[in-house]
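Q: I'm new to this one and would like to go through it with you. Can we start with the aromatic rings?

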Amino acid sequence: MRIELNGEKIRNNFVAKISEISGQNLLACYQCGKCSAGCPLVSEMDILPNQVIRFAQLGLIEELLSCKSIWICASCLTCNTRCPRGVNIAEVMEAIRLILLRKNIDNLKIIELNEKRRVELPQIALVSSFRKKTA
Amino acid sequence: MKISYYPGCTLKVNAKNFEDSTIASLKELDVELEELPRWNCCGTVYSLSTDDLIHHVAPIRNLLRVKEQNNNKVVTLCAMCFNTLKRANLKVREEPDSLEKINNLMYLEKLKYEGDVEVLHLIEVLRNEVGFSTLRQKITRPLRNLKVASYYGCLLVRPREIGIDDPENPTIMEELVKNLGGDPIDFPYKTECCGAYQTVDHPEIVISRTYSIISSAQVNGAEVIMVSCPLCAFNLDHRQKETKQKYLEFRPMPILYFTQLLAIALNCPENVLKFDLHYVDPKPILKEKGLI
Ligand code: SF4
Ligand code: SF4
C-alpha cells in the first residue's frame, strides 16, 4: 500500500477529533505491536490494530475511514488490557466508527438480514451489532 | 437472602435455560431473587466514547429501579448485561458531572440515582455471599468425573476495573467447578473472544473462532464447556452446525451455562435445564456420567 504523508494531514483536526471522542493520547503509542499480536480477530483485518493507531497519529483519514478493521473489531478489549502504554485501542476503533456513523453512514444494513437469521439470533447479538454498526 | 435481579432481554427468550436453572438453583441455596419491576434493555454494549452520555442512561435507569425496590445490590447473569451495568455505574461514580446530567435526562423519575447500587455477577454472589464452602455442603449430586472447561470470554473479566477475576488468567469458574465436584480443565482460549456480535453479519468469523476455542478445549481433555454469556453460548453452541460443515474433522462438544451445572449438582428437576434450546445435546455425556 502506498501512503502519502505530509504535515497538513498530521495537523488536520481529524486527529484531534479521534483523540477527543476516544479520550486517548494517540502519541503515547510507541508501536510495539502488542495490541496486534494478541488481537483474536486480526486475521480478518486489513490494517492491524497498531497500524490503526499509527495511521491516526499521522492523520491518514481516508485509509482509516475506508478500512475493514474498525468494523471487524469486536471490542473484546484484549488490546486495551495489554498495551504497555495504556492506550485504549478499542476506544480509538470506536471513535473512527462514530465519525462515520454520526454522518449516518451505516455499516450494517438491517433490512438485508434475512428473516431466518433474525429469528435465530439472540437479542443481545442484534442489539449490540446495531449499536456498533448503525447510526 | 433477598437480592434484586436484573434478567436482561435474552434470558427471557433464547436463554430461558439460563434463567430457569438459576432460579431453581438459588431456591436450593436460600437466595431469593427479586426481579426488578419495569427493567429495560441495558443497551448490551458499554459505549466506548467520551461524548455519548445518552447511551449510559439505559443501564443507570435500571440501577434506579434497584433503589425503588429498597435494595442496594443487584445481581445479573448475562456477561454483557453485567459489563454494561457495572461499567456505567463505575463511570457515574467517578464522574459526578455525568451523573448529574444523566439524572437530568431522567427527570420524570421519582428518585435520583446516587451511584450507591452495587452490581454483582451471580458467580460473585455464589463465592462471596453464599460462599463456595456452603455451596459444597449443599451439593447432592457432585459432577463426578465430568471434565469441564470454563470459557470466560471477554466481558466477565475485561476491563480489569470491573472484572470478576484476573483479566489474563481468571480461575473463579474453575473453582466453582471444583466445588460442584467436577474436574476443571484449563485451556489457553478461555478468555479469547468468540467473535461476539460479528455473528450477525460475519458468521464466518465466529465459525473459525468456535473451531479454535472448542478444539483447544478438546485437546486439553474437556468433555463440556461452561459459559456465562448467552452470546458466547449461541456462538459456541449453535454455530457448531456450520463449523462441522467447514472443518470436517471437527467433533461437537456440548455447551452449558454454569447455572445448568449448578442445578444438576443441586439435584433440581430436569425440566429447568431446557436442553431443547441447545444445538449440541448435552444429555449423552451427562447420562454417561450418571448426572441425569
Ligand atoms: S500495544 Fe499500545 S503501544 Fe504497543 S502498538 Fe499497540 S497501542 Fe501502541
Ligand atoms: S478490541 Fe478490537 S482491536 Fe482490540 S483485541 Fe479486541 S478485536 Fe482486536
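A: Over all chains, the structure holds 5 aromatic pairs. Rings of Phe, Tyr and Trp (its six-membered ring) pair if their centres lie within 6.5 Å; planes under 30 degrees apart are stacked, over 60 edge-to-face, and the rest tilted. This is a predicted model, where local features need pLDDT of at least 70 and side-chain atom pairs 80 or more, while totals for chains, interfaces and linings use all residues. Residues are numbered from 1 along each chain, chains are lettered from A and ligands numbered from 1 as written, and side-chain values use heavy atoms, without hydrogens and water.

Q: What kind of pair do B:Tyr6 and B:Trp39 form?
A: An edge-to-face one, 5.6 Å centre to centre with 75° between the planes.

Q: And how are the rings of B:Tyr211 and B:Tyr247 arranged?
A: Their centres are 3.7 Å apart and their planes at 5°, so that pair is stacked.

Q: Is B:Tyr247 buried or exposed?
A: Buried, with a relative accessible area of 17%. Buried means under 20% relative accessible area, exposed over 50%, partly exposed in between (1.4 Å probe, protein chains only).

Q: Which residues form an aromatic cluster?
A: B:Phe18, B:Tyr257 and B:Phe258 form one.

Q: New topic: how much of chain B is buried?
A: Of its 292 residues, 61% count as buried. The C-alpha trace of chain B spans about 55 × 45 × 30 Å along its principal axes.

Q: What surrounds ligand 1?
A: 13 residues, with a heavy atom within 4 Å of the ligand. Among the closest are A:Cys29 and A:Cys83.
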